[in-house]
Amino acid sequence: MITLQEILIKARQNGKAIGHFNISNVEMLRGILEAAKSAGGVPVMIGTSEGEAAYIGRKVAAALVRAAREEYGVPVFLNADHHKSVKAAKEAIDAGYDSVHIDLSKLPYEENLQGTKEVVEYARSKVSSFPPASACGTSQWRAGRFQVSGISVEGELGYLPTESSKIYKEEVKIDPASLTKPEEATEFVRKTGIDRFAAAVGNLHGIAANEPQLDLNRIRTIRAALPEQVAFVLHGGSGIPVSQVKAAIEAGMNNVHVSTEIRVAYMQALRQSLAASPDETTPYKLMSPAVEAVKQKVLEKFALF
Ligand SMILES: [Zn+2]
């Protein structure tokens with residue numbers, strides 16, 4: 001099986017980005033996978049925040065995505081999005097997540113670095129019980145051990161001021177001091193050994209009243225300083241105008257997170273469906289317009305990325 005890391009590297013070489021979409025339930029997962037399948041098997045990342053993971057259940061989420069990979073035949077990977085403690089990140093790894101995002105960006109630099117490093121070491125120490133076909137018959141395989149876990153780890157440096165669950169009525173001002181400094185980024189990536197790097201480059205979570213202004217020069221400078229195999233992640237993809245997302249991908253971002261827009265599409269369709277059929281008692285009939293709305297929104301994002 002092709003790894004997430006290989007997919008991200010290939011996306012970057014082709015000037016593209018891989019989409020990361022959060023889910024709260026199986027309907028949202030379905031909408032995303034139907035989009036990925038109908039677009040010809042587009043690789044996709046599914047995220048659960050700590051709240052979403054607690055709601056679905058970490059083991060349930062891991063089993064759902066594993067099964068979906070087989071049923072839909074698309075490369076889909078489950079990421080523990082914005083896990084805010086080493087403990088929570090380790091729990092996600094233990095539950096069978098393909099990837100974790102350890103987000104200690106609110107902590108002082110040194111604490112962020114040490115905690116992120118600890119999660120990378122933990123991920124690397126994990127041996128997969130699902131051997132790649134090429135390993136069959138080797139002594140490692142007979143011993144039931146594999147050196148490569150394939151678990152991808154994302155770290156974050158620089159601070160995003162807002163939350164994904166919100167649509168802000170007011171303007172959000174970004175303090176320049178909260179943006180990622182290129183020199184720190186290089187050191188952070190080298191010392192932690194992460195696979196993906198999330199930075200604060202003028203982006204924010206949720207949707208604000210004012211348009212964010214991405215710092216494209218900062219994106220280019222950080223990208224140039226990152227090792228070749230490390231992916232560069234743009235969070236807060238919901239409120240960013242299309243032209244800026246395109247420019248960010250051109251400048252070197254190869255993984256874009258979208259959550260709020262998916263939530264809004266899902267909830268709007270569900271509210272309409274409930275209002276239109278007040279006597280309907282079959283959940284999947286009420287839910288199917290919401291699944292379709294998620295699918296259409298994700299297809300729109302695939303075209304952009
Ligand atoms: Zn995020």
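These questions and answers cover one backbone angle and the aromatic pairs of a predicted model.

User: What is the phi of His82, which is not a glycine?
Analyst: Most residues other than glycine have a negative phi. His82 has a positive one. The residue sits in strand S3, residues 76-83.

User: Is His82 buried or exposed?
Analyst: The cut-off for buried is under 20% relative accessible area. His82 has a relative accessible area of 13%, so the residue counts as buried.

User: How many aromatic pairs does a search of the whole structure find?
Analyst: Ring centres must lie within 6.5 Å to count as a pair. On that basis, the search of the whole structure gives four.

User: Which class of aromatic pair do Phe21 and Phe302 form?
Analyst: The centres are 6.1 Å apart, with 75° between the planes of Phe21 and Phe302. Planes over 60 degrees apart count as edge-to-face. Phe21 lies in strand S1 and Phe302 in helix H12, 281 residues apart. The class of the Phe21 and Phe302 pair is edge-to-face.

User: Are the planes of Tyr109 and Phe188 stacked, edge-to-face or tilted?
Analyst: The ring centres of Tyr109 and Phe188 are 6.3 Å apart. Stacked needs planes under 30 degrees apart, and edge-to-face over 60. The planes of Tyr109 and Phe188 stand at 50°, so the pair is tilted.

User: Which helices hold Tyr109 and Phe188?
Analyst: Both residues, Tyr109 and Phe188, are buried. The pair ties together parts 79 residues apart in sequence. Tyr109 is in helix H6 (residues 109-125), and Phe188 is in helix H8 (residues 182-192).

User: Which residues do ring pairs link into a cluster?
Analyst: Tyr109 and Phe188 belong to the cluster.

Notes: Residues numbered from 1 in each chain as written. Predicted model: local features only at pLDDT ≥ 70, side-chain atom pairs only at ≥ 80, totals over all residues. Heavy atoms only, no water. Helix = DSSP H or I, 4+ residues; strand = E, 2+ residues; numbered from the N terminus. Buried < 20%, exposed > 50% of the residue type's maximum accessible area, 1.4 Å probe, protein only. Phe/Tyr/Trp six-rings, centres within 6.5 Å; stacked < 30°, edge-to-face > 60°.
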